[in-house]
Amino acid sequence: MTVKKVKRKPKKCTFRFLVFGVFSIVVISAVLGSISKVWINIYDKYREKEELENKLVLLKEDGETLSIDVEKLQDPEYIARYLREKYFYSTEGEYIIRLPQANSNK
């Protein structure tokens with residue numbers, strides 16, 4: 001029988017693999033870190049977009065309500081009734097009597 005001799009790799013080659021491995025791990029970690037930062041930024045922008053869309057819907061509803069109020073305020077009869085109710089404005093010969101409001105918690 002013949003005995004096979006196992007050739008050992010020189011230490012220089014092993015050191016080269018070690019340096020390459022560490023360098024590869026550092027590069028991969030840096031790339032994964034920057035990719036995760038980008039994904040976090042995208043997620044934050046997505047959430048901000050949803051919040052702003054909800055706010056836009058509310059502002060559109062408020063705008064519709066305000067445009068209806070503008071139309072109402074163009075009517076002189078509505079203005080007169082509003083002033084009478086809100087600010088107790090009266091015409092000649094009218095008396096304003098303020099009645100206490102009934103409390104339902106008694």
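The chain exposes about 11300 Å², and carbon and sulfur atoms supply 62% of this area; accessible areas come from the Shrake-Rupley method with a 1.4 Å probe, and for residues only the protein chains shown count as cover. The model is predicted: local features need pLDDT of at least 70 and side-chain atom pairs count only at pLDDT 80 or more, while totals for chains, interfaces and linings use all residues. Residues are numbered from 1 along each chain as its sequence is written, and side-chain values use heavy atoms, with hydrogens and water left out.

Of the 106 residues of the chain, 0% count as buried, where buried means under 20% relative accessible area, exposed over 50%, and partly exposed in between (1.4 Å probe, protein chains only). The secondary structure comes to two helices and zero strands; helices (H or I, at least four residues) and strands (E, at least two) are DSSP runs, numbered from the N terminus.

Helix 1 covers residues 11-73 and contains Glu48; Ile42 lies in helix 1 too. Ile42 belongs to a nonpolar surface patch with Phe23, Val27, Ile28, Val31, Leu32, Ile35, Val38 and Trp39, which together have about 890 Å² of accessible area. Patches are made of residues with over 30% relative accessible area and no salt bridge; like charges are joined within 9 Å, and nonpolar side chains (Val, Leu, Ile, Met, Phe, Trp, Tyr) within 5 Å. Ile42 can take part because it is partly exposed, at 45% relative accessible area.

A negative surface patch consists of Asp44, Glu48, Glu50 and Glu51. Asp and Glu count as negative and Lys and Arg as positive, with His and the chain ends not counted; the place of a charge is CG of Asp, CD of Glu, NZ of Lys or CZ of Arg. Glu48 is partly exposed, with a relative accessible area of 40%.

One salt bridge is found in the whole structure, that is, a side-chain nitrogen of Lys or Arg within 4 Å of a carboxyl oxygen of Asp or Glu. The side chains of Lys49 and Glu53 form a salt bridge at 3.9 Å, N to O. These two residues are four apart in helix 1, so about one helical turn separates them. Lys49 is partly exposed at 49%, and Glu53 is partly exposed at 41%.

Helix 2 is followed by Phe88, whose phi is positive, near 55°.
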